[in-house]
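User: I have a structure open and would like to go through it. Can you help me read it?

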Amino acid sequence: HIVIRSTRVEPDTELARRAQAAGFAVQPLSTWSVDGRGPQGLLVGFTNVATARAAAGLVKRLRAAVLAA
């Protein structure tokens, strides 16, 4: 897994919702804290990505999904 930290104004739960709607299995990082107010970001698994080229394509899709408003 990797953690993508967020500096955006929107809560990470909203960013995760957008990514999930685009087919990504991500989790908001803040929900892993005891009180739900932890650092903002996304927890992302990547074990089934076979090549660097595939990873680059997925990163572009994830970025587009998260930044869509």
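Predicted model: local features only at pLDDT ≥ 70, side-chain atom pairs only at ≥ 80, totals over all residues.

User: OK, what order do the strands of the open sheet have?
Analyst: The three strands are ordered β1-β3-β2, with antiparallel pairing. Strands are DSSP runs of E, at least two residues, and helices are runs of H or I, at least four, numbered from the N terminus. Two strands pair if DSSP finds at least two bridges between them.

User: Why is one side of β1 and of β2 left without a neighbour in the sheet?
Analyst: β1 and β2 (26-28) stand at the edges and each has a single partner strand, so one side of each has no neighbour in the sheet.

User: And how many bridges join β2 to β3?
Analyst: Three bridges join β2 to β3 (residues 41-44). Val-26 stands opposite Val-44 in β3.

User: Switching topic: is Leu-62 buried or exposed?
Analyst: Leu-62, in helix α2 (residues 52-67), is buried, at 10% relative accessibility. Buried means under 20% relative accessible area, exposed over 50%, and partly exposed in between (1.4 Å probe, protein chains only).

User: Which residues does Leu-62 touch?
Analyst: Leaving out residues up to four places away in sequence, Leu-62 touches Ile-4, Ala-19, Phe-24 and Val-44. Contact means heavy atoms within 4.5 Å.

Conventions. Residues numbered from 1 in each chain as written. Heavy atoms only, no water.
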